[in-house]
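Q: I'd like to learn how to read a model like this one. Can we walk through it piece by piece?

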Protein chains: 2
Amino acid sequence: MPDKNDFEVTPWDVEGTVDYQRLIDKFGTERLDNTLKQRIFNVSGDDNLYLRRDFVFSHRDLDNILDSFEDGGEFYLYTGRAPSGKMHIGHIVSFYLTKWFQDAFNVNVYIQIPDDEKYWAKDTLFLSDIDTYAEQNIKQIAAVGFDPDKTFIFRNREYIGNMYDAAIKVSNEVNYSVAQSVFGFNSATNIGMSFYPALQMLPTFFEENQCLIPAAIDQDPYWRIQRDIAHKFDHDKTAAIHNKFIPALTGPEGKMSSSNPASAIMLEDDKETISNKVHSEAYSGGGDTLEEHREHGADLSVDVSYQWLHNLFLEDDNELRRIADEYSSGEMLTSEIKNILVDQLWSFLKAHQARKENADELVQQLMYNGSLANEMWNTDIELDT
Amino acid sequence: MPDKNDFEVTPWDVEGTVDYQRLIDKFGTERLDNTLKQRIFNVSGDDNLYLRRDFVFSHRDLDNILDSFEDGGEFYLYTGRAPSGKMHIGHIVSFYLTKWFQDAFNVNVYIQIPDDEKYWAKDTLFLSDIDTYAEQNIKQIAAVGFDPDKTFIFRNREYIGNMYDAAIKVSNEVNYSVAQSVFGFNSATNIGMSFYPALQMLPTFFEENQCLIPAAIDQDPYWRIQRDIAHKFDHDKTAAIHNKFIPALTGPEGKMSSSNPASAIMLEDDKETISNKVHSEAYSGGGDTLEEHREHGADLSVDVSYQWLHNLFLEDDNELRRIADEYSSGEMLTSEIKNILVDQLWSFLKAHQARKENADELVQQLMYNGSLANEMWNTDIELDT
């Protein structure tokens, strides 16, 4: 385990407690300040919780995107999901954020399912496993409610024929030493994995408009390379907004993992499972004994239930403030705040699960026959050099 | 320039005068001996000139292929052509050799047109240039006369959708240090080029039968990696036969190059052009003056006209012996042997050019609607792991 003051963020691992200001400094991004947030809220007429509560905390070139939009220009959104397992709350949140942006700005969304990358990255997965996860994951993503005529979900292995020319051009601009220094590739990295960054960068060139990527900051290295080579294709550097990692149920260090289900609320969990997990696993900032808790109250900064409510679920600012006051003073007990979280989680997941039950036709639209999907299947991605 | 006793052979460069026994030792291949040749001639009923005259000089596992074939087993042929320019005599000869094997053994032939690789390998080519060359080259290859129902010519960029799953699996088995040591990749190599070996290896897995590759020995590094990883897919190591480089018209060092047309007979040259090139450019082993020539005769080992006649064109052994005797004794003049070569070249190219004029429909069969091509377009290449 690394020292608590150390943390390591690459596209594959998050360890330690994350200091977001240090991340901004390290990655050279910009803090998402109130002025920018207010410009977004002015367009949308809705002060999104994820932005309001600083869950989205950093960006690149979002100001350009807004300048251009306010002048009548267009942009599009791009995000993705690597199908290496079942999805949990942490995975789906950035899709809800993306959908919010789609609704607010009425723009296209491209969602890449890199069903090639996880084969290269993980020794333990067969393509057939990845296929199963891809199918499940896509249905979960469809349940988020993207506009079926302005959204294209594509699997790399299925769409490669339309992307390959452009991938050849992008890969031609990235040499191994860059990939090595940015991603930590080494001599044992296989030649598939070393090619992959070209494919992840590719959708930033899908339209002539500028691309805006909502993603966790650990994916930033891909966009940094894109921003270095975009001018070769006479294209804008991609913009990005970065959300924080969602702490695992079991504690504020690291992020949730599907391979450790106790650490995560899975999208398929029912209310009882959620309640059991939260009450038995959720890391508490409360006192060790009732006495101690009543005397010192809870440490909100490490309390996972409070963090989740704050970052992701509890819309009402006044209600959140009341909970913060009562819990930090010791008046509210850990079991009580956990009950509140369970209710919020279940309210969110119940609606999501209901939409997922009816998502089959939507999946077809998002992947194949909605307006944008249909257009993309009739397009060979072109890239000028 | 390297010392005359040095030579360097990689898939991209041939320099110096080649010592073929040293190549066999260096690459660890086997000499194609008379016993093996006789077994091939027994099957075909035709003692092929390229084999008879040792133009084909080396192999890997050809004995296995013949053992299996004699027991009723099957195999298939695979070769290719990178479309980076117009084709010359040296390029087409290995296709005629491949066709001879197809006819002799009645087997399938797969011809890869890597219209991706040259973009990664050469800074000077646009994809549109490559497309033009690919179209021209494929028509030249079709003119060779492959069986339209047992041959599949495919362009990587067009066929990638059917190959990508298998390419993912092959690339997963090759790490960067292997690619680096085998191909000399370095930190400046782009991540497309570093992925490419997986695609060139891929057709060795197109059938469950063993693959036999007729190719110049400089492509052997790809097959060496294939032979190291084939067992992971429960597949035979690919077999290969290797032909010698054809000396440039201008001298026995190196090979012909389309970028130096004086050094090569191009497939589109007419008789007058051929005659002019041979008489003005063909490196002669004859004496510097008539007097000297009559006295010492010609050095056949460096005389390009003699080498071409010997390796590639003059079927009649007795006639070749007569020419060798007369020319090496000084009785025959350089201009006379050059006239013989011009006649042989033109006889070969005239027939080739005539077939090319009528190759449009054949191209369609070989690429799309012949039996094998049609079957391949309906196949996703599968690879068990």
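Q: Let's start with the sheet. In what order do the strands of chain B run in the open sheet?

A: Strands of a sheet pair through backbone hydrogen bonds, either parallel or antiparallel. Here, seven strands of chain B make an open sheet with mixed pairing, ordered S3-S4-S9-S8-S5-S6-S7. Strands are DSSP runs of E, at least two residues, and helices are runs of H or I, at least four residues, both numbered from the N terminus; two strands pair if DSSP finds at least two bridges between them. Strand S3 (30–31) and strand S7 (151–155) of chain B are at the edges with a single partner strand each, so one side of each has no neighbour in the sheet.

Before we go on, some bookkeeping: this is a predicted model, where local features need pLDDT of at least 70 and side-chain atom pairs count only at pLDDT 80 or more, while totals for chains, interfaces and linings use all residues. Residues are numbered from 1 along each chain as its sequence is written, and chains are lettered from A and ligands numbered from 1 in the order in which they are written.

Q: In which sense do strands S4 and S9 of chain B pair?

A: Antiparallel: S4 (residues 56–60) and S9 (residues 239–243) of chain B share four bridges. To find one by eye, go to B:Val56, whose bridge partner in S9(B) is B:Asn243.

Q: How are chain A and chain B related by rotation and shift?

A: Two copies of a chain are related by a rotation about an axis and a shift along it. Turning chain A by 180 degrees, with 0.1 Å of shift along the axis, superposes it on chain B with an RMSD of 0.1 Å (least squares on the C-alpha atoms of residues with pLDDT of at least 70 in both copies). That's the relation of a two-fold axis. Look for A:Gly161: in chain A, its C-alpha is the nearest to the axis, at 2.4 Å.
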